[in-house]
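Please read the briefing below alongside the sequence and the model.

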Amino acid sequence: MHAGRGGFEEYLAVRNLSSHSTLSTTTPTTTTMSPPSSFKQYEVQGAGIESLTVVDAPLPALKANEVLVKIKAVSLQYRDLMVVSGGYRTPVLPNIVPCSDGAGQVVSLGAEVKRWKVGDRVVSNFFLDHLDAEGMTPEIAQTALGGAAHGVLAEYRAFPAHSLLEIPAHLSYEEASTLPCAALTAYTALSSGPHGHPLKAGDTVLIQGTGGVSIFALQFAVASGASTIVLSSSDEKLALAAKLGARHVVNYNTTPEWGKEARAMTPGGRGVDRVVDVVGNEMIEHPSSAHESMPCRRTGTSVKLRVHSLS
Ligand SMILES: NC(=O)c1ccc[n+]([C@@H]2O[C@H](COP(=O)([O-])OP(=O)(O)OC[C@H]3O[C@@H](n4cnc5c(N)ncnc54)[C@H](OP(=O)(O)O)[C@@H]3O)[C@@H](O)[C@H]2O)c1
């Protein structure tokens, strides 16, 4: 998916959700689009892809602050595979409904919901209750969709009204469903940084790999007018990265000293302004690789995803 012409601010231009409704017990719904009394959803009933099972689930009785969404599109992360295979690093619910990233249409509203109307196009938030960057708590961590909380691989799901974002008109359901996890991680990596400065036109960003986070980082960087250097183990993937706007590409297998190569690609050999590091521990465990991304000035956010500034 390519970023829109207005850059990544417009790309993620979604409704500002600052207030936080209170959860309450079941009350009658006020508005509906006639959802069925039951629907189908996937559950992980064991471990391994063969344990994915389609089951019939009753339509939930909406709480006063909840919104029922007909799911139209779900995107997959590597995390979803870990959850299904039983290898996820934190506990998941028994018979978990997998997947964190979904988009759909509002079909009914709890009695107190004012923010949404039937027919609205919405996308879910990765953590249902994580509403600002500074506010993570152990309780909020328990609201991670498709992990600690049931996810979105279902025909319908009820969400607290505060957990949804409006889909901008220029994005399809499929496009919007790719935004909550990998895209937001990449966005956060690039919109904050050394001294709090966001990425700007003219900066050079080194992006490791061609996975979900990296490809979003590439698109956001290109939309911002930054120059990009993409690393991959695969020449085929590097060719695709170049099509998406990567200015320089380097195969880290055939060029083990990719750090020197990357520096030489920057204006005057001054070094890159940022590294979007999705490799983390592996780099630390392999000092020759780590050496290539040094000198590091700043460590940023996210598990195994760090943003460095090189100078
Ligand atoms: N997906 C998310 O929403 C999300 C959110 C928060 C944090 N994270 C974390 O961010 C990291 C990346 O997630 P992802 O979903 O993008 O994973 P992914 O789709 O599996 O991609 C991982 C990429 O890492 C690259 N890579 C592996 N070893 C490398 C090395 N030595 N040097 C350079 N690149 C290397 C590979 O690139 P090539 O195949 O091109 O060689 C691969 O494409 C993970 O640690 C994940 O836990 C992800």
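Residues are numbered from 1 along each chain as its sequence is written.

**Confidence**

- Two residues are in contact if their C-beta atoms, placed from the backbone, lie within 7 Å.
- Residues 294–311 also have pLDDT below 50, but this stretch makes 46 contacts in the model beyond near neighbours in sequence.
- Where pLDDT is low, the predicted coordinates should not be read in detail.

**Overall make-up**

- The chain contains ten helices and 13 strands. Helices (H or I, at least four residues) and strands (E, at least two) are DSSP runs, numbered from the N terminus.
- Of the 311 residues, 44% count as buried. A residue is buried if 20 or more other C-beta atoms lie within 10 Å of its own, exposed if 12 or fewer, and partly exposed in between, with C-beta atoms placed from the backbone.
- Taking contacts between residues at least 6 apart in sequence, 68% join residues at least 24 apart.

**The largest nonpolar core**

- The largest nonpolar core has 74 residues, of which V67, V69, A186, A217, L218, A221 and V230 touch the most other members. Such a core is a set of buried Ala, Val, Leu, Ile, Met, Phe, Trp, Tyr and Cys residues joined through C-beta atoms within 7 Å.
- Helix α6 (residues 212–223) gives the largest share of this core, nine residues.
- The core lies between domain 1 (14–177) and domain 2 (184–308), because both give residues to it. The domain bounds come from an automatic or database domain assignment.
- A186 is in contact with V213, F216, A217 and F220, leaving aside its neighbours within four places in sequence.

- Y187 belongs to helix α5 (residues 179–191) and counts as buried because it has 21 C-beta neighbours inside 10 Å.
- The C-alpha atoms of Y187 and F220 are separated by 7.1 Å, although the two residues are 33 residues apart along the chain.
- L206 sits in strand β9 (residues 204–208) and is buried, with 28 C-beta neighbours inside 10 Å.
- L206 touches I229, A262, V272, R274 and V275, not counting residues up to four places away in sequence. Its C-alpha atom is 6.0 Å from that of T228, 22 residues apart along the chain.
- V250 is part of strand β11 (residues 248–251) and is buried, with 20 other C-beta atoms within 10 Å.
- The contacts of V250, leaving aside neighbours within four places in sequence, are I229, L231, T255, W258, E261 and A262. The C-alpha atoms of V250 and V230, 20 residues apart along the chain, are separated by 6.3 Å.

- Strands β2 (residues 38–44) and β3 run antiparallel and are joined by seven bridges. Two strands pair if DSSP finds at least two bridges between them.
- F39 has A57 in β3 as its bridge partner.
- Strand β3 (residues 52–58) is hardly covered, and the count of buried residues among its seven residues is zero.
- R79, D80, V83 and V84 are buried in helix α2 (residues 78–85). They lie on the same side of α2 because they cover an arc of only 135 degrees around the axis, the arc being that of the directions from the helix axis to the C-beta atoms.
- The buried residues of α2 pack against β2 and β3.

**Positive phi values**

- G86 follows α2 and has a positive phi, near 80 degrees.
- Most residues other than glycine have a negative phi.
- N95, in the loop between α2 and β5 (101–110), has a positive phi near 50 degrees. N95 is partly exposed, with 13 other C-beta atoms within 10 Å.
- C99 lies in the loop between α2 and β5 and has a positive phi of about 85 degrees although it is not a glycine. C99 is buried, with 27 other C-beta atoms within 10 Å.

Technical notes:
This is a predicted model: local features need pLDDT of at least 70, side-chain atom pairs count only at pLDDT 80 or more; totals for chains, interfaces and linings use all residues. pLDDT is the predictor's confidence in each residue, from 0 to 100.
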